[in-house]
Amino acid sequence: MSKKSTVPPAAGASAHRLDLLREMVRIRRFEERCVELYSAARIRGFLHLYIGEEAVAAGVMSALTPADAVVSTYREHGHALARGIPPGAVMAEMFGKAAGCSRGRGGSMHLFDATTRFYGGNAIVGGGLPVAVGLALADAMLGRPVVTACFFGDGAVAEGEFHETLNLAALWRLPVLFCCENNLYAMGTAIERAQAVTDLAKRAASYGVAADTVDGMDVLAVEDAARAAVAAVRSGTGPRFLELLTYRFRAHSMYDPDRYRDKAEIARWRQRDPITLLTGRMRDDGELPDDTLQELEAAVAAEIDAAVAFADEAAEEPVGDLTRFVLAERSGS
Amino acid sequence: MTTMTYREAMREAIRQAMRADDRVFLMGEDVGRYGGSFGVSLGLLEEFGPERIRDTPLSESAFVGAGIGAALGGLRPIVEIMTVNFSLLALDQILNNAATLRHMSGGQFGVPLVIRMTTGGGRQLAAQHSHSLEGWYAHIPGLRVIAPATVADARGMLAAALDDPDPVLIFEHGGLYNVSGEVPDGDGRADLDRAVVRRPGRDVTVVAYGGTVGTALTAAQDLAHDGVDAEVIDLRTLRPLDDATVIGSVARTHRAVVVDEGWRSGSFAAEVSARIMEQAFYELDAPVGRVCTAEVPIPYARHLEEAALPQPSDVRTAVHEVVGHG
């Protein structure tokens, strides 16, 4: 978590860029390992990969403090890791183990962590939006200078929840940063086939919410926009909306044969791979010697190996505990 | 002892909770300026201000979800939904978030939220304002579902609900708000885990809750004239269900009739009936009887609505049937 406490990027720009790069590489390699483990049937259920979208998680989380809250979706491994949930706890959750961050009850789609104020992991599209507004309402009523970052996809903009929530957040001027990850597809349906108005920032703005559209493949641009938006939200001027233009390189889920996308389109977006973009930029600026990148990759690989080993060795939650956590455990009962 | 209406008892419980705990606040449609669609929150805006008596847009899903988030964030929200019919617009938030977050998070996040809503027919409001869907909610693990039937319980059960660390849904039958009754001094906090015997009797157990308790008690009076001594049980809490009180009573009376304003198919009465069968089959001298709402959307016309809803005469007939059996 230490690296998450918003080092001002101006000082030590190159160290900070390396942090952002490391975060994106961690997410990428973690998920690549998830693919292998899924194929080996070690991870089951639905698995929605974030590969290609890493700049959004890394950039936005870098603008938050540990006191801020995060509400996420079912495609949240990247959010969870960038927020500081230990990769071992995330992997153990996907293995359905007791040491998982949701004690094996959530799986890939429902990662939770009280320590980092990570409120899921919501598999209902748009379902987290009102909850984020409520968290922000609590902060506002209790006088806490805290921001709630709420992630959702472009698909959620077609849900009623989006409209009800933006109206309420704007009406009550609540401290929410709405982060719309526009990866152009709601499951298998392209945005122009699902949304009458595809300029999503415009739709947020129609509720009086200040909205920007950002290149979601450029982690530095995401971070800049997120810092500015978080500062504005924290100053009490009400919610902000960021439309982060991004792309998932993999299918919607591991079950998805991905027949609805043009191969050329995917290839085009791959040229804007957020990791390649940042490494290229750092190389151009003379900030990334080859051995630094190799060391970074080796350190990440070791971290993921350790996470998998941790998950592997972790105990299963006893079946006798099946019905725990349905209601609060009363003392003496 | 003080005499007040069911509406006033609800208001008193909210007022006392808000005075005692700064984290408690009320939100919903028309709860502030208007004073509540059923007048429950009248005067509270003046006392507590618009931050804590918070009018919302007509956005059930957003304001119920906001209640969930606020509860996660450390507040103790009371959310008012006008009727159970409208709660369906927030069903995703209630079921997929409020009821599941504790379990999905492995016990890390609880949702201490109270959702109040009216239920039931009898006021000629037609289908979209008259249904009784509390049985559906009682199906869902992670929720507590309560239905205060008396004025004392209106206050005492709401007070207890606000102490509960889990989401509590309170179903207030629309026909009860004007009913007057006595409430004990003090906070009169009710035990949310226990059903109560409202009228002791020897010959048959009539199980009711919420709006049907009055129906059952009226029927019991009529039955007394017929020489049948009916015991009336008020379930009070639909989830978790207090089987023990029901089974204990059936073990004494050996006959049971369940009264429920839900439709018969898949009704809450079906659940109660099944539990009696599972746990007290050999105590029974007759099959369990059920009095439910006719399988129609509730009609507007008074005579049709009355014909659709459980009436004391229907309970009386059903009791005679099980008492006359064998």
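**Exercise 1. Describe the contact between chain A and chain B.**

Solution. The model is predicted, so local features need pLDDT of at least 70 and side-chain atom pairs count only at pLDDT 80 or more, while totals for chains, interfaces and linings use all residues. Residues are numbered from 1 along each chain as its sequence is written, and side-chain values use heavy atoms, without hydrogens and water.

Next, take the area. About 3,200 Å² is buried between chain A and chain B, with carbon and sulfur atoms giving 66%; buried area is the accessible area (1.4 Å probe) that two parts lose on being put together, summed over both.

Last, count salt bridges (a side-chain nitrogen of Lys or Arg within 4 Å of a carboxyl oxygen of Asp or Glu). Between chain A and chain B the count is 0.

**Exercise 2. Locate B:Pro141 and state what it touches.**

Solution. B:Pro141 sits in the loop between helix H7 (134–137) and strand S6 (144–146) of chain B. Helices (H or I, at least four residues) and strands (E, at least two) are DSSP runs, numbered from the N terminus.

Leaving out residues up to four places away in sequence, B:Pro141 touches A:Val326, B:Ala99 and B:Arg239. Its C-alpha atom is separated by 9.0 Å from that of B:Leu95, 46 residues apart along the chain.

Conventions
Chains lettered and ligands numbered in written order. Contact = heavy atoms within 4.5 Å.
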